[in-house]
Structure formats: structure tokens, C-alpha cells
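This briefing summarises selected local features of one protein model. Please consult the sequence and structure shown here alongside the text.

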Amino acid sequence: MAGGMAFVELVKDGATGLEKLVLREAHGCSVEVYLYGGQVIFWENEYREQLLFVSRKASFKPPKAIRGGIQICFPQFGNHGVLEQHGFARNRLWSVDETPPPFPATTSNCHIDLIFKQSPEDLKIWPHSFEFRLRVALSPTGDLMLTSRIKNTNADGKPFKFGFSYNTYFSVSDISEVRVEGLETLDYLDNLQRGERCTEQGDAVVFETEADKVYLSAPPKIVIIDHDKKRTFELRKEGLPDVVVWNPWDRKAKTILDFGEEEYKCMLCVGAAYVEKPITLRPGEEWQGRQEISVVPSSYSSGQWDPEIIHRIQDI
């Protein structure tokens, strides 16, 4: 599970009573993954800065989903289906996968493997058998990688359809100073307008009011630029055509019980997803979707780097 100076350990969180896996790289970067929901909750850089947002009002008591980190939305995203909001994977108990199948080679030897299978109760609300394997990996440079593999194990020969999303809550300094690049000119579904299909008009996505959108056929890489922190998140994805973007703004924030009234200012939810056209798996077939996030301490935008940053990188 780990090599070199990296390590992985399973511990019980004293504050919540929930079990979690802690991954730590040699340079001090770390990730905490809860077995409840298979959910990444904390991701820290070498300076012990928390890169993901977790609400101070988040509930860590099942069956409530944990508000923050990276939620695994399966087998549906949002209300795009007949199940509860965002499906049930995010509020079920996962297990450590002791015998994971081979994964594509990565640069990381610090990782954990989890597995989630349907329970008899799950079969009553979604009558399909599956194996959901999740690998969470931390690279030597602190990049965070999540790879999901979902297999249809139905014995009755029936295919099934599902939606998916990595709902990733980024910690930002001031939402009004944040911009997302890579989504310009794309069509999106506006969930505030009953899923109406619109086209992004700006040269970047900026935030002045509530946003709840699904950008369709997005490129494999987008960037989230936090001007105040001079920090850029670079999100890369494979097998996931769409990108979800959400911020509740002030009015909606006041109606969310597990979310602080002012917390909309310091978070932005962006994630790779499969929403518009559900994935269909026949028995025995497997789907794979991957999201990787890197952090760049710069004012990167539109594919250009500040000269000062280039010199700094070259000096390392």
C-alpha cells in the first residue's frame, strides 16, 4: 500500500467515531479517507494547509452525507433519477479492498483501495448487483488521484444504467475572486432553471450569485483560479465527459442545515461527472472514471504562466 517514506494507516477518528485511512507522503502532504461514504475529507499540502472545504456544521453521523471533501455520487447525480439526491454510495459504509485487481500504472506508491457492494436494502431501491472499486492515491508531489471502477455483476443477464460525479468541495479564499477556465463556450444544464440547456457566454466562469450547473462534453483539463491565495487547482479527468459546478450563495446557504450561512464565500464545488447521458453496463462489463487534482502556487490562467513562477520552478 505504501513505499519509501510514504505510509498509510487505518485509525479511528476520536471526534466522530468513524474509521478513516490516512495517507502521508514523505514531503508532508496528506489525505484522509473515511470508510463511511468512501469519502476523501481532508487533503493537506506540505504547509499543512487544508485544500478541501468541510463545513463546520457537517454531520458525521450516518445516514447523513458528510458536507465537504469529495463526495462519491453513485448511481445517480443530483435528482437525475428516481433515487435519493446524489444516490446512496456517499452514505454507505465501504470496506478496504484487500485484493484489488491491477490498476493502470501511476507515479504513486502511496494509495488505498476501497470496495463497495450493494446490500439487501440497496437492492430493494436499486435492483442491480455491482462491485465499485475506488483507489485514492497521493503522488510524491502531493497530487490527489481518484480512480473508480464499477462492474456489473448482475446474475440475471440484465444491463444497468447509472450516473456519477466526484463532487469536490474546494477551499477558496473569496468566491467572488475565483474563476474557472476551460468551460467557456460550452453548453450546460442549469439546475436552477429545471435543467434548461444554455451556453456559457463568458471567457471564464465567475461567481456573483448561486450556481448549479452541469457543463457538457468538457475538455480533459480545467483550472480553478483563486486570485487572493495566488493558488490554482488543475483538474484533469478521464472517462468523465461532464463537469459539475455548484455554489449555494447567501440565500440558499441559509436553508442548508449542515452548512454555515457565510460558508458559501470560502468554497466552490467542482467535479468530473457523467450526468447528461447515463453509462450503460452489460453483465461482466466494467467502467472506469478518473479525476486528478494538482495545486499550483501561481496566477496561472489561459495556459500562460507568470514569468516569476517559471523562474521559481526552474530554480527548484
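The model is predicted. Its count of aromatic pairs comes to 25. One of them is formed by Phe74 and Phe132, in an edge-to-face arrangement with 5.3 Å between centres and 90° between planes.

**Aromatic rings**
- Phe74 lies in the loop between strand 5 (70–73) and strand 6 (95–96) and Phe132 in strand 8 (residues 130–138), so their pairing ties together parts 58 residues apart in sequence.
- Both Phe74 and Phe132 are buried.

- Beyond four places away in sequence, Arg133 touches several residues, including Asp97, Leu114, Ile115 and Arg149.

**Backbone geometry**
- Most residues other than glycine have a negative phi, and most peptide bonds are trans.
- A cis peptide bond, with omega about 10°, joins Pro62 and Pro63; Pro63 is in the loop between strand 4 (39–44) and strand 5.
- The bond from Phe74 to Pro75 is cis, with omega near 5°, and Pro75 lies in the loop between strand 5 and strand 6.
- Arg194 has a positive phi of about 55°; this residue lies in the loop between strand 12 (187–190) and strand 13 (196–199) and is exposed, at 85% relative accessible area.
- Ser217 has a positive phi of about 50°; it is found in the loop between strand 15 (211–215) and strand 16 (221–226) and counts as exposed at 55% relative accessibility.

How values were computed
Residues numbered from 1 in each chain as written. Predicted model: local features only at pLDDT ≥ 70, side-chain atom pairs only at ≥ 80, totals over all residues. Heavy atoms only, no water. Phe/Tyr/Trp six-rings, centres within 6.5 Å; stacked < 30°, edge-to-face > 60°. Helix = DSSP H or I, 4+ residues; strand = E, 2+ residues; numbered from the N terminus. Buried < 20%, exposed > 50% of the residue type's maximum accessible area, 1.4 Å probe, protein only. Contact = heavy atoms within 4.5 Å.
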